[in-house]
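Trainee: I have the model open. Can we go through the labels one at a time, and can you show me what backs each one?

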Amino acid sequence: MNMITFGTPSAAAPVERDAWSAYLVPKEAIDAEITRLAAGDMPASGYRASSIVHPRATDGIPSFTPVTEVTITVLKPGERTPVRRGNYSLLETSILGGGRASVATTHFPIRESDVWTVPSMKPYYYENTSDQLWAWLTYSNAAFLRRIGAYWAEENLPIPEPKPDVADALPAERPYTRKTGPIHRLPSTGTELRGYEHLTDIEPVPNPPLHWQWEDIAPYLPINPGHNDDPNKRGIWLLYNPATERRQGTTPVHFATYAGASPGTPPYAGTRGHFHTSASINYHRTGHGYSIVDGQRVDWKAGDLLLSAPSWLEHAHYVGKDGWTVLTVQDHPMQIALGSLLWQESPDQPILSLGNEEGQKGFVFPREAGK
Ligand SMILES: [Fe+2]
């Protein structure tokens, strides 16, 4: 008989937290990698791309957080990637120039600072239709899927062609579907038994690729002096994908928010930060400042990428006098789906289990300016 290993169960072990640390990738490092990727011939993969690897990703799976892979992809003018698809969800943003992102037969004209999505199992490819270098960041849950052995991908697919709508060849009602599968309510406890059909005939929620243009977002952000007094502007906006429903995501895994503060905004005057079990990655578009993450100061500036909030590490951001614009990507909707998202706005506030109980009331930003 094989040796079976038994260990101390989590419930009997001391509660220890082992979050990956904050990690800054300076603009200079990103620019140098873009330059390196643009040099020479296209690799055999058809992708001029690199993953940004956190020092804790020592298991051979390129990751920026335990859940999220962040990649830089570059295309020179006229270049096009092969067509791929996989069971991961992508959230992408252009950091240099633009081009065209295609998902199935949808084509997005991408410009700098835009955000777009590639849903799971949709074929996708990119073409630099401009006359300048194009570089973008991709946030993917491939890291998580590879860690649990659930990653699936196909490459070198044909370019998707529009197909005429055809009626489903199957009869509308088949004998075994979610509509006909049995459900038994158990009288003793009110719980249910459900047939196999309910496991496998899941009601689909349409999840088309989406594209947020920066020029449409910018008017809602305080960017110029005086904007903080404009009631139509907010310091943070979620780029919401209806397919994520109550999970408030941009993809099923990640949300993206754009946040901004006008030049001259009084910096946060407090010393304590907030906490969430989701991990947060900031890409700083404009401004400079610093963050205090788990007691450590990390200075940042425009063009820097920062793992600014590893899971449940206290963090606060201090914005310099020229304000900031920042794209934040967080594995928040995935944690809502897992039922695991904890949130604490400050140490004197309760720890809330978001999505499982009444959520936080009365905040429009982690902390109001100057408080
Ligand atoms: Fe946060």
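Trainee: What makes up the lining of the second largest pocket, by class?

Mentor: This is a predicted model. The lining has twelve nonpolar, six polar and five charged residues. The volume of this pocket is about 460 Å³.

Trainee: Which residues are closest to the centre of the second largest pocket?

Mentor: There are 23 lining residues, and the closest to the centre are Tyr-47, Thr-71, Arg-84, Tyr-124 and Tyr-151. A lining residue needs an atom within 4 Å of a pocket point. Elements that give two or more residues to the lining include strand 3 (69-75), strand 5 (90-96) and helix 2 (142-147).

Trainee: How do you know which atoms are donors of the iron ion?

Mentor: By distance. The cut-off for a donor is 2.8 Å from the metal. The NE2 atoms of His-274, His-276 and His-315 lie 2.1 to 2.2 Å from the iron ion, so they count as donors. Their spacing along the chain is H-x1-H-x38-H. His-276 in strand 17 (residues 275-276) and His-315 in strand 21 (residues 315-330) are 39 residues apart, and this pair links distant parts of the chain.

Trainee: What joins strand 6 to strand 7?

Mentor: Five bridges join strand 6 (residues 99-103) to strand 7 (residues 106-110), and the two run antiparallel. Pairing needs at least two bridges, so five meet the rule. Ala-101 has Phe-108 as its bridge partner in strand 7. Two residues lie between the strands of this hairpin, and Ala-104 takes a positive phi near 55°.

Trainee: Why is strand 20 described as largely enclosed?

Mentor: Five of the five residues of strand 20 are buried, so the rest of the structure largely encloses it. Strand 1 (residues 23-25) is joined to strand 20 by three antiparallel bridges. In that pairing, Tyr-23 has Leu-307 as its partner. Strand 18 is joined to strand 20 by four bridges, also antiparallel. Tyr-283 stands opposite Leu-305 there.

Trainee: What makes a set of residues a nonpolar core?

Mentor: Buried nonpolar residues must be joined through side-chain atoms within 4.5 Å. The largest such core has 28 residues, and Tyr-139 and Leu-305 have the most contacts inside it. Helix 1 gives the most to this core, with four residues. A second, separate core of 15 residues includes Leu-90, Ala-101, Val-103 and Phe-108. In soluble globular proteins, nonpolar side chains tend to be buried together.

Technical notes
Residues numbered from 1 in each chain as written. Predicted model: local features only at pLDDT ≥ 70, side-chain atom pairs only at ≥ 80, totals over all residues. Heavy atoms only, no water. Donors = N, O, S within 2.8 Å, 3.2 Å for Na, K, Ca; no water. 1 Å grid on protein atoms, 1.4 Å probe; cavity = no way out; pocket = protein on both sides within 12 Å on 5 of 7 lines; lining within 4 Å. Points joined across faces, edges and corners; volume = space filled by probe spheres on them. Nonpolar A, V, L, I, M, F, W, Y, C, P; charged D, E, K, R; others polar. Buried < 20%, exposed > 50% of the residue type's maximum accessible area, 1.4 Å probe, protein only.
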